[in-house]
Every structure is written in structure tokens, then in C-alpha cells.
Amino acid sequence: MQAQLKCIQGACGATYSIDDVLYTCPRCGGLLEASYPGLSLDPPSVKRLWRERRMSNLALDQSGVWRYRELLPFLDFERDCVATLREGNTPLLPAPQAAHYAGMQSLVFKHQGYNPTGSFKDNGMTCGASQGLHLKMGRVACVSTGNTSASMAAYAAVAGMTPIIFLPHGNISFGKLAQALEYGALTLQVEANFDQILALVRVLAERTGIYLLNSMNPFRLEGQKTIMVEMLDQRDWHVPDWVVVPGGNLGNVSAFGKGLRELLALGCIDRLPKLAVVQADGSAPLHDYFHSKERGEFRPVTNPETLATAIRIGDPVSWPKALFEIENSGGTVERVTEQEIADAKAIIGRCGIGCEPASAATLAGLKKLVAAGTIQPGQDVVAVLTGHVLKDPDYIYRYHTGQLKTPSGAAIASTYGNAPQVVPNDPDRIAAVLEESLGGRA
Ligand SMILES: *Cc1c(COP(=O)(O)O)cnc(C)c1O
Ligand SMILES: [Zn+2]
């Protein structure tokens, strides 16, 4: 078995050394993926091994990514070091109220917000940063104002590499940027837009030997594919009917599809779940392409808008991979409004679970897919919550106090609002407020 980088463009299919520093195919410009021709495992014994590792105190075993390292043979585990913060290990949480909201009999969330920096980016970043270590890179960089920069900063720091974050000047999301600053990233605000900065950074990376941990880095997706492996391990390899996930750059769904196909080919599962991707209305290029009559060219959204900033992506890097995986699984793409995201998010909160806005697109999308008859109420669905509830507290406060507005300024109804109330320092009046607010409730 020889790990290699392979161009996903069918007509090209060029292969490169796993240790080449490449982000796209030099021959055709297509996306690359890690590929392991000839990889074979004995499913019963590897499943037993993976289960046993949960009781181990070894760092590699405690990571919910590297525990499945037989599926990540781009590193040599005898010689390579990995950068781990014990990522993964995220729970499956049954959520009856959310199921009811979506019109389902039951529903389980796989909550990736339980990761070290609060999003699934950690599952990928542990692999990307470890490959950076393997390549002896001293510096890593990404262009992002969000969870990618928070995660990259943490993993670079733990690996002893220097994290460099490029972001558009004046376009900052403070919650996530705060993490990057705290983890010690050199943060450069460039006077240019996102796409210009991306081009700039690619030139800089080549000239100055910086390793890019952007969305096109194929090793990040290797880590993210283990989200599906861990989910199946947690379900004793019982395959759900559907996996629902929000889509921005579409790396996550691409990684899920790859991981599931590999498990099927290795004989660890006997069928694929269908993949459903949910995009925000103002940022739904894959949805529109997927459902268009004659596909033609993929048309990016020029000015993507949504309050769910983690999926505010107009020109998703991984759309060709995502399209292949969704179609291969028999899945679909849905789109949801700002109001639908906000209300679904409040419902997930009331389950005691909570998530950031982008994650709530899953429940909003599921509700629509059930209403449309695409998903049946009795089917077995796992919805992936991608980020932690505290990533965006400003959004939460505005929603519950009736101040949330869409990017174009329209009011978002506080359907499940829960505003704080000011009360006087007076037990009688507080008792009256309790009676009025709670009525007969215990
Ligand atoms: C990055 C991110 C997404 C989007 O994932 P893609 O792989 O870009 O489709 C969704 N939710 C959260 C919380 C994220 O951080
Ligand atoms: Zn190619």
C-alpha cells in the first residue's frame, strides 16, 4: 500500500507523491485527494482494535481522529509525530424535541462543537497540522475569519509551528478571531477582498515556504472523514438512512462521502447513508446547481449573505467533490431562510444542546425535507452540529430579545424568544412575575 495524492478530475487522474507540497493538480488545476491504493483491513479485528483503544491512555488512541489511524496511512506512525488536542470524541445526542419540530419520530445529533476549539475544523486540522510537521514546515497559514483560523492557530501552537492568519481588513467576526489571537496567531489584516487575499497567500506560500491549511488542503479532509467513522463506531456500525450536514465550502460533506465510501470498500459497512447538505438561502450555489435542469457551468454567488457566517461562502472550493458524493449516496441539497435557521437554532438550544447558527441549518433543512416527503418521519437520521453554541453569543442575544435582523435588514421574528426580564427588589412582585411567566409550570 502506497499513499499518494491523486487528482479527482476523471479525465486527468494524475498522481503525485504524498509528500509533495501541492494544493491543486499542477497538470489540470483540479482538486487533489489522499488515496491509498491496495489498502485492506480485516473489518472484525480493526473494529475491535478501534473499540479497545477507547480505554487506552496513549495520546494517539485518545484522539477521536487518530484512533482510526489505519484509515489515515499518509503518516508513518512509527516515526511521525502528530499534533493532537484529543479532538473528536464528540457525542451522539438524541433530541426528541428537535425530532418533533422536524416532524420526525426520532433524531440524533452528532455534535462536533464538543471539539477542543469548538468546531469540526479540529478533526481536519489535526491531520493538516501533522502533515505540516511531517513536511518539516515551520509556518502554517490560512485565510479565514472564522473557525478555521481558530482551529489552525491552536493546532499550530500545539505542534510548535507559527500560525499566520490572513483576513480581509474590516471584516472580522470577533468571537472566533479572539480564539486565534489567544492561541498566538500572527494575524494580518490585508486591504483586499477574500479572493484577492487567497491568491496573494498562494504566491507568498510558494515564495516563503509557508504551508497552507486552507480548504483545498487534502489532509484536512482526511481528518474530517473520521467524523463518520466515529459516528458508526458509536452506533455499533449500524448505518443510518440519512446524514444531514450544513454546507459552506463543502469540504465536510466531501470528507464524509469519502470516508463512507472507504468504509464500504473495506467491508466495514454494507451500504451508504444518503447525504443531505443544507445551505443558507443567500449562499446556496450548490443547491441551485444541484436542482437546475441543465447543469451547465457552476455559478458562484457573488455576494454571499447569511448570518450563519460559517456557511457564508459564494464560491465553494470543494463543490466538485461534494456533488459527486451527494449523487453517489443518492442524497440531496436543501436551502433554508434566515428565519428558519434562527428558529431551528432556538429549538436545538431548548433541547439543552445548543449550536452556532450554521449548525442549525441542519434541523431547519431536515424539517423541510420531511415536509417535502424526501425524508420519511420514521427514518433513521443523524444530523451533524458543526459548531459550539458560544461561537456567536451576539446572535443569540439579539434573537431572544427580538433584535435580530437579516443581512438585508429585515426583522427576524423571535418565535421562540426568551428575553431576560428586569424585576424590582421585591419578593411579592417577583413572586407575581414568576406566577405570570411560569403559570402552572413546575
Ligand atoms: C466550516 C464550517 C461549516 C461549513 O463546512 P464546509 O466544510 O465549509 O462545508 C459549517 N459549520 C461550521 C460551524 C463551520 O465551522
Ligand atoms: Zn489533474
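This is a predicted model: local features need pLDDT of at least 70, side-chain atom pairs count only at pLDDT 80 or more; totals for chains, interfaces and linings use all residues.
Against which elements do the buried residues of α11 pack?

View 1. The buried residues of α11 pack against β3 (32-35), α8, α9 (251-266), β11 (274-280), α10 (285-291) and β12 (332-336). Helix α11 spans residues 319-329, and its buried residues are Lys321, Ala322, Leu323, Glu325, Ile326 and Ser329. Just after α11, Gly330 adopts a positive phi of about 80°.

**View 2. Crossing of helices α4 and α8.** Two packed helices are described by the angle between their axes and the distance between the axes. The axes of α4 (residues 121-134) and α8 (residues 218-234) come within 7 Å and cross at roughly 140°. Because of this angle, α4 is oblique to α8. The crossing in which α4 passes α8 is right-handed. On the α4 side, the contact is made by Lys121, Asn123, Gly124, Met125, Cys127, Gly128 and Gln131; α8 contributes Phe219, Arg220, Glu222, Gly223, Gln224, Thr226 and Ile227. The residues of this contact comprise 4 nonpolar, 7 polar and 3 charged.

**View 3. The largest nonpolar core.** This core has 55 residues, and those with the most contacts inside it are Trp66, Phe74, Ile165, Phe166 and Tyr211. Helix α5 (residues 147-159) gives the most to the core, with 6 residues. A second, separate core of 42 residues includes Val244, Ala276, Ala361 and Leu363.

**View 4. Contacts of Ile165.** With neighbours within four places in sequence left aside, Ile165 is in contact with Cys142, Ser144, Ser149, Met152, Ala153, Ala180, Ala185, Leu186, Thr187 and Leu188.

Technical notes:
Residues are numbered from 1 along each chain as its sequence is written. Chains are lettered from A and ligands numbered from 1 in the order in which they are written. Side-chain values use heavy atoms; hydrogens and water are left out. A nonpolar core is a set of buried Ala, Val, Leu, Ile, Met, Phe, Trp, Tyr and Cys residues joined through side-chain atoms within 4.5 Å. Buried means under 20% relative accessible area, exposed over 50%, partly exposed in between (1.4 Å probe, protein chains only). Helices (H or I, at least four residues) and strands (E, at least two) are DSSP runs, numbered from the N terminus. Contact means heavy atoms within 4.5 Å. Axes are lines fitted to C-alpha atoms, for helices over the stretch in contact, and angles run from 0 to 180 degrees between N-to-C directions. Angles under 35 degrees count as roughly parallel, over 145 as roughly antiparallel, 65 to 115 as roughly perpendicular and the rest as oblique. A crossing is left-handed if the near helix is turned anticlockwise from the far one by less than a right angle, and right-handed if clockwise. Ala, Val, Leu, Ile, Met, Phe, Trp, Tyr, Cys and Pro count as nonpolar, Asp, Glu, Lys and Arg as charged, and the others, Gly among them, as polar.
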